[in-house]
Amino acid sequence: MRAVNLLAGAALALTSVWAVAQENPESLLPKMFDEPAAQPSRTATPRPTPRPTPRPSASAAAPRPAAAAPASTSTSTPVVQAIPTAAPTAAATTFAQDDGTLRRIPSLEELEKMSPEDFEALLGAKVVIDMPPAARRSADEAGMLGADEGGLPMDSLASQNGSLVRVALTGNRGQLVSRWGHILLRRALASRLNPPQGMSAADFLAMRVGLLLRMGETDAARVVLQDLDIADYTPAFGQVAFDVYSRNADFTGLCPVMATQGSLRDDAMWNTSRTICEAFRGNSTAAISKLERDRVRGTMDQIDLLLAQKYAGSAGKARRAVTIEWDKVTTMTPWRYGLAIGTGLEPPASLMTAAGPSYDYATALAPMVSLSRRAAAADRAAAAGVLSNAAMVDLYSQIFADPDVTGEWQDRAESLRDAYTLEDPAARLASMQALWNVTGSALYARQVLTAAAAARMAPSADLADSAPSLIASMLAAGYDANALRWSSVVEAGSRAWGLLVLAAPGRVNAVDNGALDNFVDGDDSAEKRRSAFLAAGLAALERADRGAAERITRDAGMDMGGSTRWTQAIDSAASRGDQASVALLAAFGMQGDNWQRMTPRHLFHIVSALRVVGLDAEARMIAAEAVARV
């Protein structure tokens, strides 16, 4: 391994010291609606941490003290007294070797006890870090999910054309019409996958992380990024790492990268981030002074460097009052937003309205943002697939338990609680309907929020009129078994029936053409688009005659047949059983901001390919979602 400056070790150590020095953290776990019974605690037996065997050159004995000069016994010759040299510092004596390298990195306790002189003596020394082979991670297998943890098979893309994978990754803007398509794509990108032919492992991982960021999956992007050792970063990774930590409002997370791979980039934002890291290493006064000089010189926009000063000022004792004025700011950037929420600021609503949905996703995931702001952003995040039903319920549980949150947010939290706890089924339904009293994507987000409560509803003929909404809510979170209990209540050919015949697992008999015609007759969607999606989904799942499905789509003014390069590519990947390629190509074909962008042809090939490669659950949920959201 390479020899690196002590700055790397000192960066990690001092940042940790700073974190330890803060007040004891308060629990952020929600109280939920009912406190669970206390469980006896179990003490886990810690595993011994393997330690690399030191090399012979690094395990030399401690430096020998210089031999004392013999006392002079002669008085006949003059004695010239030598000029005294500075005594070696405690740090140099304890840690440094004769060749100027460090024997080991000081512990946190040792760093705390050092004098400024001792610490300065260490800055010029070098440390050789030997990472044992068992601790190194292969870039060819980087990712978060193994095949045994829900990830896709590692060798899925090994024989795939790298150019096709590159197009599927870089050509995807990250906004998908389907919530379930988003969830599938996130799973694929986070899987431990071998790179395709003709593509380096680092480039493959950088493309995956970049797409996760465009999807608003900042947490997943950071986890996947950190599965690659910093020593393996390429210049392209400098931009990716910067974007990941900026969007997570975690600028100190960049500090280990700066310490060991600081030369990956040389631009204003990168260098400003390096200065922020200097502040968190204990040089806050010098860092803030440098940021102020850069502001005066106009290295970056005023707002950017003022926010950087405010962020850096939170480290150490060199605190400085910084006034942030947004009046002249016309655009929002991930850098600005990350620094703002990282310092507890709330940018103006007018600025955020035009910023785009990705900032709502970041807000919904940010633990430092207020509960009301996270709730305001949660509808977009849930409809897109960034937030799960459990995450939404957890958020509103915290709101319910917080007396400082009032108004509409507290009212929604109370309605959600009533949807779970009221004894009368009609009253529980009324509480859910109060939450559903919105339109567009917000309605689907509220159905995600109420999914588990809807799953608790017992099927009843008295509630048959509300069955489509209840079933759509259940399927939004994958409660297909609970939804199918309503099969005996719904009428064949109804909207609820259409959702159930798509969502049913296993092999299902072909649907009756008469029921299909009844569905079409009762379809009130524009241009009978809902009927066209139902027909395409049923044909792709082999639950309806393809000829009948093509007739319905033609009557709706759309076409389910025909061939394009994309249909050929996804069908070819499905025939090879390539799950990862099918997932990437399916997501590529689902790009758009609403379901009006989807066509029956695309839906047919997506659902069919997913079924063929064994992703049956995703195929059924995407088909049902198409009918539910039109």
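**Ground rules.** I note that this is a predicted model, in which local features need pLDDT of at least 70 and side-chain atom pairs count only at pLDDT 80 or more, while totals for chains, interfaces and linings use all residues. Residues are numbered from 1 along each chain as its sequence is written, and side-chain values use heavy atoms, with hydrogens and water left out.

**The whole chain.** I found 32 helices and three strands; helices (H or I, at least four residues) and strands (E, at least two) are DSSP runs, numbered from the N terminus. Of the 630 residues in the chain, 48% are buried. I then looked at contacts, meaning heavy atoms within 4.5 Å: among those between residues at least 6 apart in sequence, 68% join residues at least 24 apart.

**The disulfide.** The structure holds one disulfide, a term used here for a pair of cysteine sulfur atoms within 2.5 Å. This disulfide joins Cys-255 to Cys-277, with 2.2 Å from S to S. The link is left-handed, with -100° about the S-S bond.

**Aromatic pairs.** I counted eight aromatic pairs in the structure; rings of Phe, Tyr and Trp (its six-membered ring) pair if their centres lie within 6.5 Å, and planes under 30 degrees apart count as stacked, over 60 as edge-to-face and the rest as tilted. One of them is Phe-251 with Trp-335, whose ring centres are 5.5 Å apart and whose planes stand at 85°, so the pair is edge-to-face. Because Phe-251 lies in the loop between H9 and helix H10 (255-261) and Trp-335 lies in helix H14, this pair ties together parts that are 84 residues apart in sequence. Both Phe-251 and Trp-335 are buried.

I examined Tyr-337 and Tyr-359 next: their ring centres are 5.6 Å apart with the planes at 90°, so this pair is edge-to-face. Tyr-337 belongs to helix H14 and Tyr-359 to helix H16, so the pair ties together parts that are 22 residues apart in sequence. Tyr-337 and Tyr-359 are both buried.

**A cluster and a charge.** I noted that Phe-242, Phe-251, Phe-280, Tyr-311 and Trp-335 form one aromatic cluster. The charged end of Arg-265 sits over the ring of Phe-242, 4.9 Å from its centre; for this, NZ of Lys or CZ of Arg must be within 6 Å of the ring centre and within 35 degrees of the ring normal.

**Helix H16.** Which residues of helix H16 (residues 357-365) are buried? I listed Tyr-359, Tyr-361, Ala-362, Thr-363 and Ala-364. Their cover includes helix H9 (235-247), helix H14 (334-342), helix H15 (349-353) and helix H17 (371-384).

**A buried arginine.** I ended with Arg-446, which is found in helix H21 (residues 441-449). Arg-446 is buried, with a relative accessible area of 5%. Leaving out residues up to four places away in sequence, Arg-446 touches Asp-379, Arg-412, Leu-435, Trp-436 and Val-438.

Methods:
Buried means under 20% relative accessible area, exposed over 50%, partly exposed in between (1.4 Å probe, protein chains only).
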